[in-house]
Amino acid sequence: MSKLPAALTAPQPGLPCSCGSGKLFELCCEPILKGTRPAATAEELMRSRFTAHVARDYAHLHRSYAGTASEAYVELPDEPSIGWTRLEVHHHEPNVQPDISHVEFSAFYVDANHEYVLQEKAEFRRQPGGWIYTRPLRTGPAPVKAAAKPGRNDPCSCGSDKKYKHC
């Protein structure tokens, strides 16, 4: 039986950031979580939101989501505790439209005897105060694109050196 990855511990200055950027926490997500500087890109905000999950900084998650940012944050006594293990950013599409970006990522977590993955393509919008998470565009893996069908006069893919129409 393979060993499960350990859940990340709360981020601390002097250690690598939980978001997987390779930077130290104090040079990466800490200033965004503390509100001393806004995220420069949608990807940076998304990484800070993952780090907020690891740090259990639910106030940052609340203020960085368009659906709740305008409301007062009220801490719940039983906030969920998930053992996040790692983040993989697959693709960042800056400026899909003016002031709108997309980030595709996988966030991994452990629960009981299994590791699970949350896959999402998310939309972010730039506002005067910085970037904000607006909504998931897709949850789950990206759809598989079918291979293009060869044309009649294209070479056959079997390696016979014949045209597709004769093979």
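User: What percentage of the 167 residues in the chain do buried residues make up?
Analyst: Good place to start! This is a predicted model, where local features need pLDDT of at least 70 and side-chain atom pairs count only at pLDDT 80 or more, while totals for chains, interfaces and linings use all residues. Residues are numbered from 1 along each chain as its sequence is written, and side-chain values use heavy atoms, with hydrogens and water left out. Buried means under 20% relative accessible area, exposed means over 50%, and partly exposed is in between (1.4 Å probe, protein chains only). By that rule, the buried share of the 167 residues is 33%.

User: Which pattern does the chain follow when read along the sequence?
Analyst: Helices (H or I, at least four residues) and strands (E, at least two) are DSSP runs, numbered from the N terminus. The chain has three helices and four strands. In sequence order, they give α-α-α-β-β-β-β.

User: Is the chain more spread out or less spread out than a compact globule?
Analyst: Let's compare two values, using a radius of gyration taken over C-alpha atoms and a globule rule of 2.2 Å times the number of residues to the power 0.38. The C-alpha trace spans about 70 × 50 × 30 Å along its principal axes. The rule gives 15 Å for 167 residues, and the chain's radius of gyration is 21 Å, well over that, so the chain is more spread out.

User: Leaving aside neighbours within four places in sequence, which residues is Leu 87 in contact with?
Analyst: Contact means heavy atoms within 4.5 Å. Leu 87 is one of the residues with the most contacts inside the largest core. With those sequence neighbours left aside, its partners are Cys 19, Met 46, Arg 47, Phe 50, Phe 105, Ser 106 and Ala 107.

User: Why does Glu 30 count as buried?
Analyst: Glu 30 sits in helix α1, which covers residues 30-34. Leaving aside neighbours within four places in sequence, Glu 30 touches Pro 13 and Phe 25. Glu 30 counts as buried because its relative accessibility is 14%.

User: Where does Arg 56 lie?
Analyst: Arg 56 has a phi near 60°, a positive value in a residue other than glycine. Its relative accessible area is 42%, so Arg 56 is partly exposed. You can find it in the loop between α2 and α3.

User: What is the phi of Asp 99, which is not a glycine?
Analyst: Look for Asp 99 in the loop between β1 and β2. Asp 99 counts as partly exposed, at 34% relative accessibility. Its phi is positive, at about 65°.

User: Is His 166 buried or exposed?
Analyst: His 166 is in the segment after β4. Its C-alpha atom is separated by 8.4 Å from that of Arg 152, 14 residues apart along the chain. With a relative accessible area of 58%, His 166 is exposed.

Definitions and conventions: A nonpolar core is a set of buried Ala, Val, Leu, Ile, Met, Phe, Trp, Tyr and Cys residues joined through side-chain atoms within 4.5 Å.
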